[in-house]
Amino acid sequence: MDFSKITQLSDPGTSFIEYLRVAQPDLLPDVNNVDFTTAFDARTLPHATTVVALTYKDGVIMAGDRRATAGLSIAHRKMDKVLPADSHSGIAIAGTAGIAMELVRLFQVQLEHYEKMAGEELSFEGKANQLSFMIRNNLPMAMQGLLVVPLFAGYDLTRKIGRVFSYDATGGRYEETDYTATGSGSVHAKNWIKAAYDRQAQADEAIDVAIRSLFAAADEDAGTGGPDLVRKIFPSVATINAEGFQYLSDDEIEQRANVLLAGPEQGGAQ
Amino acid sequence: MTTPFYVSPEQMMKDRADYARKGIARGRSLVAIEYLDGIVMVAENPSKTLNKISEIYDRIAFAGVGKYNEFQMLRNAGVRLADQKGYAYSREDVVANELANTYAQSLGQVFTNEMKPFEVEILVAQVGKASSEDEIFHILYDGTVMDVEDYCILGGNKDDIEAKLSAGFEKDLTLTQAIVLGASSLRGNSETDIDIAQLEVGYLDRNATRRCFKRMKKDELEEIF
C-alpha cells in the first residue's frame, strides 16, 4: 500500500470507481477491450433469473428464486439473487451471474465509500442513478449477450416510503409505483403480483404474494427454480423498511412455503 | 558563487520537530479509551461538521489532532486504501496494523523529505471479537508508531490529561463511564464544566454485526452528562 498515487494524481473525490481507475484499474470491468469479432455463446455461462420487488405499507419486499442456469443446464441451485446494497436498500439480480455479482459488489462498496468520504449517505435518487451509470458502462458486454438487468429497491429515509426501480441494459432507469420483476420468469411473476397486489398490505401478506409469484413463475418458466422440498431450497426474501434491510430466516420461508403449497391454490401452481 | 548555509542534520530535524509539535499543541486534545465492548474516542471539538473522529472500515476507526486539512487528507487516503484492499481481496483482510504502518511510512517520508512536516498526531484503532484482540496505534508527525494499550492521548497538554486519565482508568469500564472519564480528563486541571456542544465522541462497538463505528449524537450525550 502507498499513498503516492493518490496525492500525485487528480483527486478522485468521493467515488470509489474513480479512485480505482487511478489506483488499480485492473479491478474494474474492462468493457472497452471486448472482442466483437469472435463468436461467443453467452448461454454457456450461468445466468440468474427471476426476481421481484413490491412495495407494501411500511416499505418494500424483495424476493428471488434460487436457480442459476447455463443454457438448458442448472448451473447452481442455491444462488442468492437478493442482496443488500446498503443499510436501507437492496439489489436483486438477473442476467449473467458473474457480471451481475461483480456489479453488486462494486455498487455496495461505492455506496459505503461515498458515505464515509462525504460524511453522509447518497440520496435514494442518487443511488438509483449511480446504478444506472454502472449498468450503462456494461453496454458493450450486454451487446455480446452478457446482460445484467437488476432491480433496485429500498426505503427512502427522506420521503419515508418504499421505492422500486427497474433497469434496462442501456442503463435506462424506471421508477415503478408498486411492483416490478425481472428475469426469464418475470412475466408470470408480475401477473401474479398484479392480481394480488395491495398497496396498503402488511408485510405478512406482501411476503406471501412475493413467494407465490415466484412459485407461479417456476411453474411456467424452466429458468426459474421452484420450491425444492427434498433439498429444502426456497426463494430468498428480504424486507426493507424504516428498520433497514432484513432477510427472512430460512425456517420462516420454509414454513410459509409449506403453508402456501398446502393451500387451495398450491402456492400458485395451477 | 554563494555557499549555502550549513545546517547540521540534527538541527534540521530538531527544527522540524519543534515546528510540528507547536502546531499540534495549538489544537485541542483527544483521548481514546478501551472499554468493555470496544474502544471509545473523545475529543474537544467546537465544530459539528468537521470531525476529528471517523470511520475507516468495518472494525477500524481513525482519529486525528492538529491541522484539520492534513489529518483529513490522511483519513481519506486510509478509507480509499481500506476499501480498495477489501474489494480486491476480502473484508477481513483489511487490518489496522498494515494501515498504521502505511501512515507511519508516509509521515516519515514527508518529515524527512519535504519542506514542512505534517502538524498532526493520529490514531488508528481496531476492535477485535474479544478485548484482548483490540489494537490501538498512535502515530506521530515524524512517522513514529506506537502500539498502545488501555488508553491513548493525542495532542498537547498531555501531562495533565494523563494524570487524570490514569487515576480514573480501570479495565472493563462501561461506555458511559469511559465517556465521562474521557471528557473530564480532557479538561485537565481546568475547573470549568464539560460543555457538550464542544464534545465529539465516536466509538467502535465490537458487538455490531459489520460496521462497528458509531457516533454519539447530541441527545445521547445530554443523557450521559
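Contact here means heavy atoms within 4.5 Å. Helices are DSSP runs of H or I with at least four residues, strands are runs of E with at least two, and both are numbered from the N terminus.

This is a predicted model, in which local features need pLDDT of at least 70 and side-chain atom pairs count only at pLDDT 80 or more, while totals for chains, interfaces and linings use all residues. Residues are numbered from 1 along each chain as its sequence is written, chains are lettered from A and ligands numbered from 1 in the order in which they are written, and side-chain values use heavy atoms, with hydrogens and water left out.

I start between the chains. From α2(A), the residues F16(A), Y19(A), L20(A) and A23(A) meet R80(B), L81(B), D83(B), Q84(B) and Y87(B) of α2(B). By class, this contact has six nonpolar, one polar and two charged residues. The classes put Ala, Val, Leu, Ile, Met, Phe, Trp, Tyr, Cys and Pro as nonpolar, Asp, Glu, Lys and Arg as charged, and the others, Gly among them, as polar.

Two packed helices are described by the angle between their axes and the distance between the axes. Axes are lines fitted to C-alpha atoms, for helices over the stretch in contact, and angles run from 0 to 180 degrees between N-to-C directions. The axes of α2(A), residues 16-23, and α2(B) come within 11 Å and cross at roughly 80°. The two are therefore roughly perpendicular; angles under 35 degrees count as roughly parallel, over 145 as roughly antiparallel, 65 to 115 as roughly perpendicular and the rest as oblique.

The cut-offs are under 20% for buried, over 50% for exposed and in between for partly exposed, with a 1.4 Å probe and protein chains only. Its side chain makes a polar contact with the side chain of Y19(A), at 2.4 Å. A polar contact is a pair of N or O atoms within 3.5 Å; within protein, one must be able to donate a hydrogen and the other to accept it, and residues adjacent in sequence count only if both atoms are side-chain atoms. Beyond four places in sequence, Q84(B) also touches residues including Q24(A) and L27(A).

Next, within chain B. Helix α2(B), residues 68-88, packs against α3(B), residues 96-113, at about 135°, with the axes 11 Å apart. That pair is therefore oblique. On the α2(B) side the contact is made by L74(B), R75(B), G78(B), L81(B) and K85(B), and on the α3(B) side by E98(B), L99(B), T102(B), Y103(B) and L107(B). By class that gives five nonpolar, two polar and three charged residues.

Also in chain B, L50(B) sits in the loop between β2 and β3. L50(B) is partly exposed, at 42%. Leaving aside neighbours within four places, L50(B) is in contact with N45(B), Y68(B) and E200(B).

Last, two residues of chain A. S89(A) lies in strand β7, residues 89-92, and is buried at 0%. Its side chain makes a polar contact with that of D86(A), at 2.6 Å. L146(A) is in the loop between α5 and β9 and is buried at 11%.
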